[in-house]
Amino acid sequence: MTEVITETIIENSDGRAVTRLSEFWAGFRATIPLIIGAIPFGMIFGALAMTQGISPAGASAMSAFVFAGSAQFIAAGLVASGASTAIIVLTTFIVNLRHSLYSASLAPHMKTLPHRWLLPLAFWLTDETYVVVINRYNAPDASPYKQWFFLGSALPMYLNWQLCTYIGIRAGQAIHNPGRWGLDFAMVVTFTGMLVPMLRNRAIVICVAIAGITSILFYGLPNKLGLILAALLAVTAGVAVEWWQRTDKTHDKGFSAHDPT
Amino acid sequence: MTQRELILIIGMALVTFLVRYPILVLVTRIPLPATILNAMRYIPPAVLTAIIVPAILIPDGKTLDLHVQNSYLIASIVAALVAWRSKNLLLTIGLGMATLWLWRWLLMLSGAV
C-alpha cells in the first residue's frame with residue numbers, strides 16, 4: 001500500500017512534481033514576509049526583557065523553550081510588575097489558549113502523522129505559521145508531504161525568533177525604551193496584512209466586525225480572557241450568518257443551497 | 001539565570017506545550033463533527049482581529065483612543081487599504097511602518113504631541 005503511494009507522482013497546481021524538499025521550500029517562501037514582520041517583534045522582546053529585570057540567559061531560554069511571542073511580552077511585563085510565578089504561568093496558559101483552537105483546526109489534516117512529526121510541529125506552532133499552513137492544508141491538491149511545508153514554515157520562524165531575541169538582548173543593554181520607536185506596531189501591520197485578504201464573504205466580514213467590537217468591550221477582563229471570549233463569539237457569529245444565508249436560499253428557491261463560500 | 005527564572009520558564013514552556021500538543025493528538029485520533037470543522041474556518045480571522053483591534057484602539061493599554069493623534073490608528077487604516085488593494089504582505093508591512101513614522105513626525109511638527 002505504501003509502495004503504491006510512493007510510486008505515484010503527485011503534481012501541484014503548476015503541474016510540477018511535489019517532493020518533500022519542494023514542500024519545505026514552499027513553506028519557507030510563504031513565511032518569508034511573516035519572518036520579516038517578526039524581526040522587530042523579537043528584537044523588542046529581547047530589549048524589553050533587559051529593561052524589565054530578566055537576565056540575558058533567561059530571555060534567551062524563554063524564546064528557546066516557550067516560543068510564544070505575545071505571552072513572552074506579557075510575562076516580561078508581569079515580571080517587572082512583581083507578579084508571582086504562578087500568576088505569570090497562568091496568564092501564559094490563558095494567552096496561549098488560542099493555540100488549542102489552531103491545533104484543533106490543523107489536526108483533521110494531520111491524522112496520518114506519527115508522534116515524531118506531531119510533537120515538534122505542535123511545539124513550533126505560532127499565529128503566523130498556523131495561517132500559512134492551514135491555507136496549504138486547505139489547498140485541493142493531494143500532496144502527501146504537506147507536513148514538510150509546515151516544517152519549512154515553522155523552523156525558519158523559530159530560528160529567526162532566537163536570533164532576533166539575541167540581537168534584542170544585546171541592543172537592550174544599549175538602547176532605552178525600545179517601544180518609543182513604534183516597532184511593536186510591526187506585529188499589528190503584519191497581522192493586518194494577513195487578515196485583510198481573508199475577508200472574502202459576508203459571513204467572515206461580520207465575524208471580524210464582532211471580533212473587533214467584543215475585543216474592545218471585553219478588554220478589561222483579566223489575563224487577556226477577552227481575546228478568547230471575543231474569538232469564540234466571532235466564530236459563532238460567522239457560523240450563524242452562514243446558516244441564515246443557507247436557510248434563506250432554501251426558502252427562496254425551494255432547494256438546498258450549496259456552500260455559500 | 002536565577003532559580004526563579006528557571007522555574008518560571010519551565011512553567012511557561014509546559015503550559016504553552018499543553019495547549020498545543022494534546023489537542024492536536026486528540027483531534028487527530030477522534031473525528032470531529034462537520035459543524036465544528038466548518039466553524040474552524042472562522043478561527044484565523046476572529047483571533048487575528050481580536051489581537052490587533054485592541055492594540056490599535058487602546059495603544060496605551062488603558063483608554064480607547066479614536067483621535068487622529070493615534071498614529072497606530074492612522075497607520076493601520078493605511079496598512080489595511082494597502083493590503084486590500086495589493087494583497088502584498090511585505091508592501092503592507094513596509095508602507096504601514098512608513099506611515100506610522102511619517103504620521104508621528106507630522107504630529108511632532110504640528111506640535112500636537
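Helices are DSSP runs of at least four residues, numbered from the N terminus. By that numbering, L109(B) falls in helix α5 of chain B, which covers residues 89-110. The model described here is predicted. Chain A has 12 helices and 0 strands. Across all chains there are 5 salt bridges and 14 aromatic pairs.

**Chain A overall**

- Read from the N terminus, the elements of chain A run α-α-α-α-α-α-α-α-α-α-α-α.
- Chain A has 261 residues, and 52% of them are buried.
- Of the contacts in chain A between residues at least 6 apart in sequence, 72% join residues at least 24 apart.

**Salt bridges around R136(A)**

- E23(A) and R136(A) form a salt bridge in which the closest N and O atoms are 2.7 Å apart.
- This bridge ties together parts of chain A that are 113 residues apart in sequence, because E23(A) lies in helix α2 (residues 20-51) and R136(A) in helix α8 (residues 127-138).
- E23(A) has a relative accessible area of 2% and is therefore buried, as the limit for that class is under 20%.
- R136(A) is buried as well, with a relative accessible area of 13%.
- A salt bridge also joins the side chains of R136(A) and D141(A), at 2.9 Å from N to O.
- D141(A) counts as buried at 19% relative accessibility.
- Through shared partners, the salt bridges join E23(A), R136(A) and D141(A) into one network.
- R136(A) has an aromatic neighbour too: its charged end sits over the ring of F149(A), 5.8 Å from the ring centre.

**Salt bridge between D127(A) and R98(A)**

- D127(A) forms a salt bridge with R98(A), and their closest N and O atoms are 2.8 Å apart.
- The two residues link distant parts of the chain: D127(A) is in helix α8 of chain A, R98(A) is in helix α6 (residues 98-106) of chain A, and they are 29 residues apart.
- D127(A) is buried, its relative accessible area being 7%.
- R98(A) counts as buried, at 4% relative accessibility.

**Aromatic pairs in chain A**

- A pair of aromatic rings is described by the distance of the centres and the angle of the planes.
- Among the 14 aromatic pairs over all chains is that of W117(A) and W148(A), whose ring centres are 5.1 Å apart and whose planes stand at 75 degrees, so the pair is edge-to-face.
- W117(A) lies in helix α7 (residues 115-123) of chain A and W148(A) in helix α9 (residues 146-172) of chain A, so their pairing ties together parts that are 31 residues apart in sequence.
- W117(A) is buried, with a relative accessible area of 12%, whereas W148(A) is partly exposed, with a relative accessible area of 24%.
- F123(A) and Y158(A) also form an edge-to-face aromatic pair, with 5.9 Å from centre to centre and 65 degrees between the planes.
- The pair of F123(A), in helix α7 of chain A, and Y158(A), in helix α9 of chain A, links distant parts of the chain that are 35 residues apart.
- Y158(A) counts as buried, at 15% relative accessibility.
- Ring pairs also link F41(A), F45(A), F73(A) and W161(A) into a cluster.

**Features of chain B**

- A nonpolar surface patch of about 540 Å² is made by L102(B), W105(B), L106(B), M108(B) and L109(B).
- In another part of the description of chain B, the charged end of R85(B) sits over the ring of W84(B), 5.5 Å from the ring centre.

Note on methods
Residues numbered from 1 in each chain as written. Chains lettered and ligands numbered in written order. Predicted model: local features only at pLDDT ≥ 70, side-chain atom pairs only at ≥ 80, totals over all residues. Heavy atoms only, no water. Phe/Tyr/Trp six-rings, centres within 6.5 Å; stacked < 30°, edge-to-face > 60°. Buried < 20%, exposed > 50% of the residue type's maximum accessible area, 1.4 Å probe, protein only. Lys NZ or Arg CZ within 6 Å of the ring centre and 35° of its normal. Patch = residues over 30% accessible without salt bridge, like charges linked within 9 Å, V, L, I, M, F, W, Y side chains within 5 Å. Areas by Shrake-Rupley, 256 points an atom, 1.4 Å probe, with all protein chains shown as cover. Salt bridge = Lys/Arg side-chain N within 4 Å of Asp/Glu carboxyl O. Contact = heavy atoms within 4.5 Å.
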